[in-house]
Amino acid sequence: ARNPNNAKLKANSARDRKEARREIGKITQNEIDKDNHDDEEERQWQMEEKARIEGYNFADYDGSNPHQELCPVCKEPSLPQDPGILESLYKSVTSATTDEEKKARRLARKQRPFRSHCGCWFHYSCLDKFMREPPFGEACPVDGRRVYHQDWPSSIKELERVWAGKEARKREIKDAMLLFT
């Protein structure tokens, strides 16, 4: 009193299990191949990095930046040579005691170095201009990658919307000035 439907189910489930084992084997082999490829890329990078640093004499290193990186927008050095200057760029405006000191710190804030996600160093004011003025989503002039930074919206539409709002306010002010003249 064997049920023929049970035999079909067993045959189907055995075939399904066998097919699933084959698929797992394929996935596993693909994962192994990808890991091997990644390991080979890592070994290649390590060899290239070793070749790059062989020429440096680290005993003579004085803490300065041997190849000064320039801001991609203004082409001026983005990092100061003196670490004391770098520290002064990050002092808070609110801790200043005189108006002159506050003004100096506001100006210094514009020169703060910021590293974008593409890896290039920008001055704060240069990166702000690059991110907030058209054309939006432009590639980095140095490495050709899209410039992102967490302090600015990453959405091109959001950047366009903010810029369009500022331009509309400028036009409104200009129109209002024309009414009074």
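Start with Ser116. It is buried, at 4% relative accessibility. Buried here means under 20% relative accessible area, exposed means over 50%, and partly exposed is in between, with a 1.4 Å probe and protein chains only. Ser116 is in the loop between β1 and β2. Leaving aside neighbours within four places in sequence, Ser116 is in contact with Phe122, Val147, Tyr148 and His149. Contact means heavy atoms within 4.5 Å.

Two notes on the source. This is a predicted model, where local features need pLDDT of at least 70 and side-chain atom pairs count only at pLDDT 80 or more, while totals for chains, interfaces and linings use all residues. Residues are numbered from 1 along each chain as its sequence is written, and side-chain values use heavy atoms, with hydrogens and water left out.

Now the overall layout. The chain has 5 helices and 2 strands. From the N terminus, the order is α-α-α-β-β-α-α. These are DSSP runs numbered from the N terminus: helices are H or I with at least four residues, strands are E with at least two. Buried residues make up 15% of the 181 residues. Take the contacts between residues at least 6 apart in sequence: 40% of them join residues at least 24 apart.

Next, helix α4, residues 124–132. Which of its residues are buried? Cys126, Leu127, Phe130 and Met131 are. They cover an arc of only 125° around the axis, so they sit on the same side of α4. That arc is taken from the directions from the helix axis to the C-beta atoms. What covers these buried residues? The cover includes β1 (113–115), β2 (121–123) and α5 (156–180).

On to the cysteines. How many disulfides does a search of the whole structure find? It finds 0. A disulfide here is a pair of cysteine sulfur atoms within 2.5 Å. Cys71 is buried, with a relative accessible area of 0%. Its closest cysteine sulfur is in Cys126, at 3.6 Å, which is too far for a bond. Cys126 is one of the buried residues of α4. Cys140 is also buried, at 3% relative accessibility. The closest cysteine sulfur to that of Cys140 is in Cys120, 3.5 Å away, again too far for a bond.

Now empty space. Rolling a probe the size of a water molecule over the atoms shows where empty space is left. The search uses a 1 Å grid over the protein atoms alone. A cavity is a set of points where a 1.4 Å probe fits but cannot get out. A pocket is an open set with protein on both sides within 12 Å along at least five of seven lines. Lining residues have an atom within 4 Å of a point. Grid points are joined across faces, edges and corners, and a volume is the space filled by probe spheres set on the points.

The count is 1 cavity of 30 Å³ or more. The largest cavity has a volume of about 50 Å³. Its lining is Phe130, Met131, Pro135, Phe136, Gly137, Glu138, Arg146, Val147 and Leu159. Phe130 and Met131 are among the buried residues of α4. Val147 is one of the contacts of Ser116. Nonpolar covers Ala, Val, Leu, Ile, Met, Phe, Trp, Tyr, Cys and Pro; charged covers Asp, Glu, Lys and Arg; the others, Gly among them, count as polar.

Stay with Pro135 for a moment. It lies in the loop between α4 and α5. The peptide bond from Pro134 to Pro135 is cis, with omega near 0°.

The second largest pocket holds about 180 Å³. The elements giving two or more residues to its lining are α4 and α5. The largest share, 6 residues, comes from α5. The lining has 4 nonpolar, no polar and 7 charged residues. Among them are Asp128, Lys129, Trp163 and Lys166.

Two lysines to finish. Lys75 lies in the loop between α1 (4–54) and α2 (83–89). Its phi is positive, about 65°, although it is not a glycine. Lys102 lies in helix α3, residues 99–110. Lys102 is partly exposed, at 28% relative accessible area. Not counting residues up to four places away in sequence, Lys102 touches Val93 and Ala96. The C-alpha atoms of Lys102 and Ser92 are separated by 8.7 Å, with the two residues 10 apart along the chain.
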